Number of protein chains: 2
Amino acid sequence: MMRQAGRYLPEYQAIRAKAGDFLSLCQNPALATEVTLQPIDRLGVDAAILFSDILVVPQAMGMSLRFEEGRGPIFPDPLRDAAAIAKLTLPDPNTDLDYVMDTIVRVKDRLAGSVPLIGFCGAPWTLAAYMIEGSGSRDFGHAKTMLYTQPDLLHHLLDQVTESLTLYLNAQVAAGAQALQIFDTWGGLLSTPAFRAFSLPYLRRLIGSLNKGDVPVILFVKGGGQWLEELADTGAGVLGLDWTIPIGAARARVGDRVALQGNMDPGVLLSNPATIQREVQDILLSYGPGSGHVMNLGHGITPTVPVANAQAFITATQELSGTFHTHAEVAR
Amino acid sequence: MMRQAGRYLPEYQAIRAKAGDFLSLCQNPALATEVTLQPIDRLGVDAAILFSDILVVPQAMGMSLRFEEGRGPIFPDPLRDAAAIAKLTLPDPNTDLDYVMDTIVRVKDRLAGSVPLIGFCGAPWTLAAYMIEGSGSRDFGHAKTMLYTQPDLLHHLLDQVTESLTLYLNAQVAAGAQALQIFDTWGGLLSTPAFRAFSLPYLRRLIGSLNKGDVPVILFVKGGGQWLEELADTGAGVLGLDWTIPIGAARARVGDRVALQGNMDPGVLLSNPATIQREVQDILLSYGPGSGHVMNLGHGITPTVPVANAQAFITATQELSGTFHTHAEVAR
């Protein structure tokens with residue numbers, strides 16, 4: 001589940017209270033390891049997801065970053081001109097982001113091969129949008145202004161972010177990450193021509209530059225349902241889907257070129273176990289016969305979800321998907 | 001332009017300051033008339049859009065409503081159970097929403113046939129989502145909870161909202177509105193099955209129940225690009241598009257069944273006149289030869305847009321679209 005190590009778990013809240021703010025938790029390998037492992041112990045999910053945040057990379061590139069309760073991430077000195085961008089540096093992941101690598105090593109050690117560990121990063125466009133805007137935003141007006149008035153400057157920034165992310169993901173794999181997910185949270189804010197110019201080429205370059213061996217790359221573009229064919233050509237092995245597109249329709253479009261991950265509306269987890277089971281079944285039915293499906297939510301789990309409902313999602317998936325897949329394989 | 005009577009205009013700000021809060025301005029026919037007319041005078045747009053808010057209908061159904069500076073609309077007593085929903089009443093638009101009808105009559109009088117007046121309302125799902133949630137929200141968790149746990153109760157609410165909107169839009173037409181736009185701002189938060197169950201049937205019923213004569217209905221579903229074929233079958237004459245779908249691709253899907261409105265990224269208005277002109281031209285090129293296109297933004301104009309840039313959008317559209325269309329008609 002996206003954001004499976006998160007606020008809906010009381011034991012997460014307890015460790016978070018111990019760590020202080022969100023960023024301190026991300027940067028404390030002992031505690032980040034604990035929260036990474038909590039959903040494995042509590043819910044029995046089939047993979048661990050590294051507890052971290054996509055914005056540690058801009059911080060490692062030299063930007064000041066803080067998280068404000070109720071407001072989210074803030075860059076007090078957002079990038080609004082060439083001079084600000086010129087001050088960015090290329091991070092060395094093993095020193096500037098050593099706490100992430102340390103967490104990966106600790107988690108891998110604790111998991112001892114029981115389930116795989118998924119590492120991740122933000123997409124170049126998504127990180128650049130935050131770095132220019134300085135915070136989350138409905139419109140990302142500053143980022144859009146740079147996109148439409150100084151496209152070359154934005155390309156220069158995207159180039160540096162992509163370079164940094166390449167180093168970062170390669171270091172995650174070297175430290176032991178067994179799958180990588182790239183989150184283009186704000187890709188869906190772009191028009192199609194803008195997505196093709198300012199996001200897609202950098203995704204393709206990032207994925208193509210990884211020394212990943214057989215580590216699968218999962219690419220999630222929120223609101224990117226209309227670009228699936230192009231996303232399937234980036235080199236990603238798996239496309240993450242938000243909940244707005246029926247997974248069967250997505251599969252019909254991309255065929256066997258990529259596996260699909262998703263895509264239950266996180267809002268379903270606010271209901272009850274019976275409803276959750278029915279929705280899981282509907283997704284399995286929509287995907288249809290055959291393998292190549294990783295069940296997940298279509299976006300992050302929200303803080304008010306009852307743990308019993310998160311559990312119902314995991315249990316329903318584990319109970320139903322085997323039958324569906326076995327049956328499907330036979331039917332083929 | 002969506003939200004063309006708005007904060008980007010200094011003369012709007014002046015009248016807004018005079019009126020007090022946003023809702024007082026909506027409910028003052030003399031001042032609402034002034035701000036409705038401002039973009040006609042200042043920019044020369046080709047249609048007036050009634051200055052109002054989609055949430056005056058829930059208010060007229062009996063809900064308390066206020067607008068907080070920086071937070072937006074608040075219903076202090078959101079609808080969370082059957083008892084709260086049972087208290088709603090069917091409004092009489094000519095008494096409970098008389099200030100809207102009065103504004104329409106005044107605007108029509110002042111326009112004296114120079115340009116048409118567009119009335120509007122929120123879609124049943126979008127209004128219900130606000131009424132349940134109590135405010136804007138990223139996830140609309142309360143609304144989703146009702147959708148997934150008490151679908152019959154949500155259908156009951158949607159039924160009442162649809163009934164109210166039918167009365168409201170019919171009254172707008174009777175008062176003089178010459179086109180109607182329905183905004184499903186939160187339609188795109190729904191999964192496809194949920195959209196088909198909780199939004200689409202009510203849109204179809206609302207449009208089908210209007211005594212509209214030859215008044216065109218424009219249906220805008222934000223994030224609804226994947227449902228265009230179904231939206232084209234609602235009875236709407238025009239589909240409004242957000243900026244995420246290329247208008248040419250939308251046209252290829254719906255053909256001549258409906259006209260299309262849109263769809264420039266409102267973020268482009270933060271750039272400069274040359275960029276705006278190029279983007280207008282790209283949209284005209286994407287739409288291609290022939291009529292059936294209403295230029296617009298893909299969402300509301302934002303407060304920080306320089307007036308000169310809004311003007312550049314209008315001017316470029318008026319200068320370029322004639323040529324494109326004439327050329328196109330000849331080419332056909």
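A: Helix H10 (residues 151–175) of chain B has 25 residues. From its first C-alpha to its last, H10 of chain B reaches 35 Å, which is close to the 36 Å expected at 1.5 Å a residue. After H10(B) comes B:Gly176, and the phi of B:Gly176 is positive, near 130°.

Next, the relation between the chains. The same surface serves both copies, since 100% of the contact residues of chain A recur in chain B.

The contact itself can be described by counts. In it, 25 residues of chain A meet 25 residues of chain B. On the side of chain A that touches chain B, helix H9 (residues 141–149) of chain A gives the most, with five residues. Sorted by class, that side of chain A has 16 polar, six nonpolar and three charged residues.

Last, the confidence of the prediction. The model scores ipTM 0.92 and pTM 0.95. Chain A has a mean pLDDT of 95, and 98% of its residues reach 70 or more. Residues 327–332 of chain A have a pLDDT below 50. Beyond near neighbours in sequence, this stretch of chain A has six contacts in the model.

Notes: Residues are numbered from 1 along each chain as its sequence is written. Chains are lettered from A and ligands numbered from 1 in the order in which they are written. This is a predicted model: local features need pLDDT of at least 70, side-chain atom pairs count only at pLDDT 80 or more; totals for chains, interfaces and linings use all residues. Two residues are in contact if their C-beta atoms, placed from the backbone, lie within 7 Å. Helices (H or I, at least four residues) and strands (E, at least two) are DSSP runs, numbered from the N terminus. Ala, Val, Leu, Ile, Met, Phe, Trp, Tyr, Cys and Pro count as nonpolar, Asp, Glu, Lys and Arg as charged, and the others, Gly among them, as polar. pLDDT is the predictor's confidence in each residue, from 0 to 100. The expected span of a helix is 1.5 Å times one less than its number of residues.
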